Amino acid sequence: MSKARQTRETVAHLTYFVVQPYKAVKGSKGKIAAEEAIPARDHDHAMRMFERFKATRVGVVAFHRTGDPATGEYEDAIIIARHGVLPVEVDGMRHASDMVADSWDITEHDLKVA
């Protein structure tokens with residue numbers, strides 16, 4: 001196969017879902033420590049894990065992040081759920097409910113089928 005005919009499939013962007021639980025640090029007043037972040041398969045899986053950790057941890061946050069693994073460029077993390085005592089850094093993250101849907105300006109002409 002010639003180089004001109006070769007095609008290379010790449011994934012432009014992937015979305016990663018993560019649940020980050022926090023525990024109280026024994027012997028300290030109000031200090032917390034991050035536990036190991038847990039990857040989730042999708043939004044629903046992240047929410048199920050979030051609900052489980054919510055009952056047993058001092059704090060938990062579920063978020064997603066989209067990016068290009070080939071280049072290492074990622075968008076800012078977007079919080080999908082948060083509960084309890086969390087570090088200040090989490091306050092700076094965008095929340096999914098704050099997101100505004102893109103306006104595509106689709107007209108009737110764009111919707112016609114050939």
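The largest nonpolar core has 11 residues: Phe17, Val19, Ala40, Ala46, Met49, Phe50, Phe53, Val60, Ala62, Ile80 and Ala81. A nonpolar core here is a set of buried Ala, Val, Leu, Ile, Met, Phe, Trp, Tyr and Cys residues joined through side-chain atoms within 4.5 Å; buried means under 20% relative accessible area, exposed over 50%, and partly exposed in between, with a 1.4 Å probe and protein chains only. At least two residues of this core come from each of β1, α1 (43-54), β4 and β6, and α1 gives the largest share, four residues. Helices (H or I, at least four residues) and strands (E, at least two) are DSSP runs, numbered from the N terminus. A second, separate core has eight residues, including Phe63, Ala77, Ile79 and Leu86.

The model is predicted: local features need pLDDT of at least 70, side-chain atom pairs count only at pLDDT 80 or more, and totals for chains, interfaces and linings use all residues. Residues are numbered from 1 along each chain as its sequence is written, and side-chain values use heavy atoms, with hydrogens and water left out.

Ala40 belongs to the largest core. Leaving aside neighbours within four places in sequence, Ala40 is in contact (heavy atoms within 4.5 Å) with Phe17, His45, Ala46 and Met49.

Strand β4 (residues 59-68) has nine of its 10 residues buried, so it is largely enclosed by the rest of the structure. Two strands pair if DSSP finds at least two bridges between them. Strand β1 (residues 14-24) runs antiparallel to β4 and is joined to it by nine bridges; the partner of Thr15 in β4 is Thr66. With strand β6 (residues 78-84), β4 pairs in the antiparallel sense over six bridges, and Val60 has His83 as its bridge partner in β6. In a regular strand the side chains alternate between the two faces of the sheet.

β4 is also joined to strand β5 (residues 73-74), again antiparallel, by two bridges. Here Gly67 has Tyr74 as its bridge partner in β5. Four residues lie between the strands of this hairpin, in which Gly72 takes a positive phi near 80°.

Tyr74 also takes part in a nonpolar surface patch with Leu14 and Tyr16, with about 240 Å² of accessible area together. Accessible areas come from the Shrake-Rupley method with a 1.4 Å probe, and for residues only the protein chains shown count as cover. Tyr16 lies in strand β1 and is partly exposed, with a relative accessible area of 35%.

Methods
Patches are made of residues with over 30% relative accessible area and no salt bridge: like charges are joined within 9 Å, nonpolar side chains (Val, Leu, Ile, Met, Phe, Trp, Tyr) within 5 Å. A salt bridge is a side-chain nitrogen of Lys or Arg within 4 Å of a carboxyl oxygen of Asp or Glu.
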